[in-house]
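Here is a friendly briefing to read alongside the structure. Have the viewer open and follow along topic by topic.

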Amino acid sequence: MTATTAPAPGAFAARAGGSRPLAGTGTLLRFALRRDRVTMPLWVGVIALMVLSLPASLKSVYSTPAERADLARQMLANSSLRATYGPVFGDSLGGLTAWRIGGYAGVLAAVMSLIVVVRHTRDEEESGRQELVSAAMVGRRAPLTAALLAALVANGVLTVLVAGGLAGQGASGALALGLAIGATGMVFATMAAIVAQFTQSARLAKGLTGGLVGAAFVLRAAGDSATDDGSSVLTWLSPVGWLENVRAFADERWWVLLLFAAAVAAQGAVAYVLAGRRDMGMSFLPTRPGPATGRLGTAGALAWRLQRGAVLGWSLGFLAAGAAFGGITKGAADLVGGNAKTREIIERMGGQAGITDAFLATMVSMLGMVAALYVVSSVLRLHGEETSQRAEPLLAAAVGRLRWAGGHLVLAFGGTVLIMLLGGLGLALGYGAEYGAVLGACLVQVPAVWTLGGLAVLLYGLSPRIAPGAWAAAGLALLLGWIGPALDLPQPVMDLSPFGHLPRLPGGTMTWTPVVVLTALAVALTAAGLTALRRRDLAT
Amino acid sequence: MTKAISVAGLHKSFGRTHALDGLDLEVAAGEVHGFLGPNGSGKSTTIRVLLGLLRADAGTARMLDMDPWADAVELHRRVAYVPGDVTLWRNLSGGEVIDLYGRLHDGGRSRRGGAGGGPGGGRTGGLDPARRADLIERFELDPTKKGRTYSKGNRQKVALVAAFASDVDVLILDEPTSGLDPLMEEVFQSCVREERDRGRTILLSSHILSEVEELCDRVSIIRGGRTVESGTLADLRHLTRTSVTAELAGPPNGLASLPGVHGLDVQEAGVRHDGVRCKVRFQADTDRLDAVLRSLTDSGVRSLTSTPPTLEELFLRHYQDEDRPGPADGNGKTVAR
């Protein structure tokens with residue numbers, strides 16, 4: 001790693017004397033891209049695929065322009081649907097694609113970007129790796145610059161893929177949508193760069209920025225439920241709202257892209273100023289001293305201590321998200337009497353006839369699929385503890401592997417029940433009725449979530465190397481649930497997800513078979529994983 | 001002499017790497033046993049097998065007469081471990097971690113017995129508060145700091161305090177003093193002596209040879225996953241070479257051809273009234289010293305310095321030897337060349 005490979009910021013370096021704040025940026029960027037050589041293409045590929053697969057499937061369901069215009073009119077007229085997907089600005093295939101998936105693609109690009117940035121900044125400092133890197137000929141601003149450039153590369157490729165892939169629907173619309181998605185990613189990349197200056201924990205930085213992404217989505221949803229042209233102040237407060245206001249494939253408003261550019265520049269500047277005012281490894285939020293003696297006495301208590309923050313965060317998140325969804329659902333009844341096609345797509349999502357129940361059922365299953373992310377992250381705490389060598393001295397004390405793993409698994413599986421109940425409570429509160437039915441429906445999701453948790457235990461038990469594969473499984477389930485109904489995917493494909501087997505509740509008929517089978521499957525997967533864990537070597 | 005640890009013919013591979021290749025190790029109850037070897041020679045792998053974290057491919061390993069894999073938890077009640085690189089939870093204070101390990105060792109019940117014995121402390125669970133406080137003071141550890149704010153040496157101290165304060169029979173220390181300053185090194189050594197006086201067995205893997213020389217009753221040197229030497233330091237010294245520097249009245253006759261003389265270097269040290277003086281430097285196998293000295297006196301010794309082998313030399317010889325053949329006898333002890 002030498003400074004000679006850096007894209008020498010010649011004039012800058014000369015002026016700044018010997019400090020050369022950007023020295024080594026090129027090397028660090030290449031290094032970051034190499035470290036992310038698997039995850040980054042996966043993120044970009046999945047997001048691009050989601051967007052690019054949409055026109056064909058929309059065309060297969062709504063084959064004539066008249067049908068599509070009808071769909072657009074109905075979707076625009078209903079405030080709940082506007083809150084979910086945003087307003088429809090154009091009824092071409094391109095316009096409907098931008099409406100249906102644009103916002104979600106932007107949110108995913110945001111999540112990808114914040115992970116990339118935190119991973120290459122705060123994560124590096126927290127682990128102490130940064131120290132070694134910064135001791136080499138690496139400028140003080142090079143790490144942050146390299147991280148932002150890595151995010152720029154990911155979002156740039158995504159932009160090009162979307163713009164190129166959709167060019168058949170209209171080149172300028174495709175370019176506008178691609179740029180808007182990529183720019184949303186960059187706004188949250190720079191936001192993550194700011195948040196990472198405030199916390200010493202990378203996990204917390206990711207969580208906080210993720211919360212900001214969620215807040216941006218909620219602001220947009222709230223604004224769009226109030227207006228049908230994206231003109232609400234709330235919508236304009238949210239970068240995800242800007243994305244829809246670019247109006248790709250519907251008389252693009254290119255100037256909105258300037259907003260993104262301004263936000264990226266301003267946030268980036270703030271991040272650089274903050275980074276320049278603190279020491280490496282330090283943060284603006286101070287760490288307080290802890291107790292001199294501890295009361296932790298068991299592996300289970302330790303697991304709770306380590307996971308309680310996450311459980312609390314997810315609980316509050318689910319309660320808030322449920323309440324927001326519930327509020328949206330109220331308006332769904334307005335749609336009664338709408339045209340058959342519209343009713344059909346919603347009912348396919350919800351899986352039954354009553355439009356309100358269908359809407360509630362959709363929200364319940366969304367909560368379930370997001371809870372799958374919780375269960376995987378919670379189970380994979382075991383993986384993190386083992387690979388960071390923190391498990392080793394614990395297991396060298398009088399703690400068996402089963403008891404050690406059990407502490408975390410109780411939180412993973414029990415926490416699933418807790419957050420689903422809280423999500424259901426929020427949903428019922430927001431909707432203002434159907435408490436029992438909604439809470440019951442949320443509990444019915446639990447076996448499917450557990451199945452993914454069980455899969456995570458199995459993969460981890462077999463080998464820590466394949467454990468992250470559980471994320472792919474949860475991601476697949478989420479993807480199928482999100483876009484499956486709109487694409488009218490065949491049942492065998494939908495059946496890949498455990499959620500595809502569940503009865504549609506509330507409103508549908510309760511069937512116990514899938515619930516029992518999935519619970520048994522989850523138990524079997526977990527047992528197999530724990531058995532494998534007992535037999536294998538610990539990662540060293 | 002009862003064995004606290006007894007390992008024979010241990011094999012362990014990771015993919016194509018043979019980390020352990022028939023390793024033997026015997027540690028008597030109540031002794032401090034040095035465990036030496038170059039980086040990557042299999043010390044930590046052996047320790048992880050002994051802790052039941054890894055499963056051996058072949059061979060036997062017993063600790064306190066239990067199987068480290070099958071009886072892991074029961075065994076760990078009586079064993080404390082300090083790794084060479086302590087990782088702490090970022091948001092837990094050092095004091096919390098110390099107490100956590102204390103409770104995890106005791107399992108909430110007070111039990112004693114087995115090889116090594118120990119003090120008859122009347123505690124009911126967790127750590128002895130007086131001992132804990134004493135250790136924290138001696139190691140000058142601030143137990144209120146959070147895991148992420150400790151330096152390397154201070155993280156090491158957290159694990160050391162937890163281990164020394166635990167009421168166990170065996171301490172397994174894997175390069176425990178990395179990152180400690182010389183003062184703390186002193187504290188560590190006195191703690192180890194106290195533990196030995198209490199009858200505990202200590203397996204100490206270390207690269208700090210003065211530490212090993214100071215503390216260990218016996219040492220085992222391993223290389224490439226096998227034991228190449230094992231015995232008391234005096235035993236091992238006997239098998240090695242003594243450095244000799246002598247000024248002679250005349251040229252050393254026949255010294256070069258004597259068996260047991262290595263690296264002979266002869267220099268003219270100037271002409272005196274009684275002839276040409278020579279300065280010779282060489283290493284002699286310690287068991288051949290007698291014949292070597294006789295040959296020297298024949299040439300007229302004017303001055304003589306002889307240095308017994310240091311552990312460093314012993315160590316370096318084993319570390320540097322290329323392609324050393326396997327153990328020459330059943331005890332895993334080879335005869336030095």
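Predicted model: local features only at pLDDT ≥ 70, side-chain atom pairs only at ≥ 80, totals over all residues.

- As background, nonpolar side chains tend to be buried together in soluble globular proteins.

**Helices H2 and H10 of chain A**

- H2(A), residues 25-35, packs with H10(A), residues 142-165, at an angle of about 50 degrees, and the axes are 8 Å apart.
- That angle makes H2(A) oblique to H10(A), and the crossing is right-handed.
- From H2(A), the contact uses Thr25(A), Leu28(A), Leu29(A), Ala32(A) and Leu33(A).
- From H10(A), the contact uses Ala142(A), Pro143(A), Thr145(A), Ala146(A), Ala147(A), Leu149(A), Ala150(A) and Val153(A).
- Sorted by class, the contact of H2(A) with H10(A) has 11 nonpolar residues, two polar ones and no charged ones.

**Helices H21 and H25 of chain A**

- H21(A) spans residues 401-431 and H25(A) spans residues 512-535; the two pack at an angle of about 140 degrees, with axes 10 Å apart.
- At that angle, H21(A) is oblique to H25(A), because angles count as roughly antiparallel when over 145 degrees.
- The crossing of H21(A) and H25(A) is right-handed.
- On the H21(A) side, Arg401(A), Leu402(A), Ala405(A) and Leu409(A) take part, meeting Thr526(A), Leu530(A), Leu533(A) and Arg534(A) of H25(A).
- The class count for the contact of H21(A) with H25(A) is five nonpolar, one polar and two charged residues.

**Pro259 of chain B**

- Where is Pro259(B) in chain B? Pro259(B) sits in the loop between strand E10 (241-248) and strand E11 (261-272).
- Is Pro259(B) buried or exposed? Pro259(B) has 9 C-beta neighbours inside 10 Å, so it counts as exposed, since the cut-off for exposed is 12 or fewer.
- Pro259(B) and Arg288(B) are 29 residues apart in sequence, while their C-alpha atoms are 7.7 Å apart in space.

Technical notes
Residues numbered from 1 in each chain as written. Chains lettered and ligands numbered in written order. Axes fitted to C-alpha atoms, helices over the stretch in contact; angles between N-to-C directions. Helix = DSSP H or I, 4+ residues; strand = E, 2+ residues; numbered from the N terminus. Parallel < 35°, antiparallel > 145°, perpendicular 65-115°, else oblique. Left-handed = near helix turned anticlockwise from the far one by under 90°. Contact = placed C-beta atoms within 7 Å. Nonpolar A, V, L, I, M, F, W, Y, C, P; charged D, E, K, R; others polar. Buried ≥ 20, exposed ≤ 12 C-beta atoms within 10 Å, placed from the backbone.
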